[in-house]
Amino acid sequence: TLTLFTEIIITLLIFYIFYSSYKYNKFHYKLVVFALSYEVIFNISYMAYRAFIHTAKEDEIHSAFHIFLAIFHGTLSLIMFVALVIFLVIAWRNYKKNINYFKNHKKLTIAFLIFWVLAVLSGIWFYFVAYSF
């Protein structure tokens, strides 16, 4: 539950970073470092830990949908995190040259944010599927 809540907070932080960078041409690299560090130290390490220690209880049977959703969310989240790191490093380099990277690459930025939201929403969905039954 805590990881779900913090993932939503980190997502809002990512959106703030993108928005302020796009709108005001100000790249908050300290917030970027914080968000990426938090993702690695807490969220990604927690998901990896859960993946390695998870064992189904005797009376617990996971449906094919539950397994698919877990695979989909885990894979998309990892891809999006790697993409976020690459995207933000490239953006940071451009903003250092006073180039508004997100404005210059508007379609790529929008596509990235859509996939980011999809990864977060799949995590929320997975949480409710896993803990509501």
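Start by selecting helix α3 (residues 64-96) and helix α5 (residues 106-131): their axes come within 9 Å and cross at roughly 145°. Here an axis is a line fitted to C-alpha atoms over the stretch in contact, with angles from 0 to 180 degrees between N-to-C directions, and helices are DSSP runs (H or I, at least four residues) numbered from the N terminus. You're looking at a predicted model, where local features need pLDDT of at least 70, side-chain atom pairs count only at pLDDT 80 or more, and totals for chains, interfaces and linings use all residues. Residues are numbered from 1 along each chain as its sequence is written, and side-chain values use heavy atoms, leaving out hydrogens and water.

Next, show tyrosine 19 and tyrosine 24. Their ring centres are 6.1 Å apart with planes at 85°, so they make an edge-to-face pair (centres within 6.5 Å; planes over 60 degrees apart are edge-to-face, under 30 stacked, the rest tilted). Tyrosine 19 is partly exposed at 45% relative accessible area, while tyrosine 24 is exposed at 55% (buried is under 20%, exposed over 50%, partly exposed in between, with a 1.4 Å probe and protein chains only).

Now hop to tyrosine 101 and phenylalanine 102. This pair is edge-to-face too, since the ring centres are 6.0 Å apart and the planes at 70°. Tyrosine 101 is buried at 7%, and so is phenylalanine 102, at 0%.

Last stop: lysine 96, whose charged end sits over the ring of tryptophan 92, 4.3 Å from its centre (NZ of Lys or CZ of Arg within 6 Å of the ring centre and within 35 degrees of the ring normal).

Definitions and conventions. Helix = DSSP H or I, 4+ residues; strand = E, 2+ residues; numbered from the N terminus.
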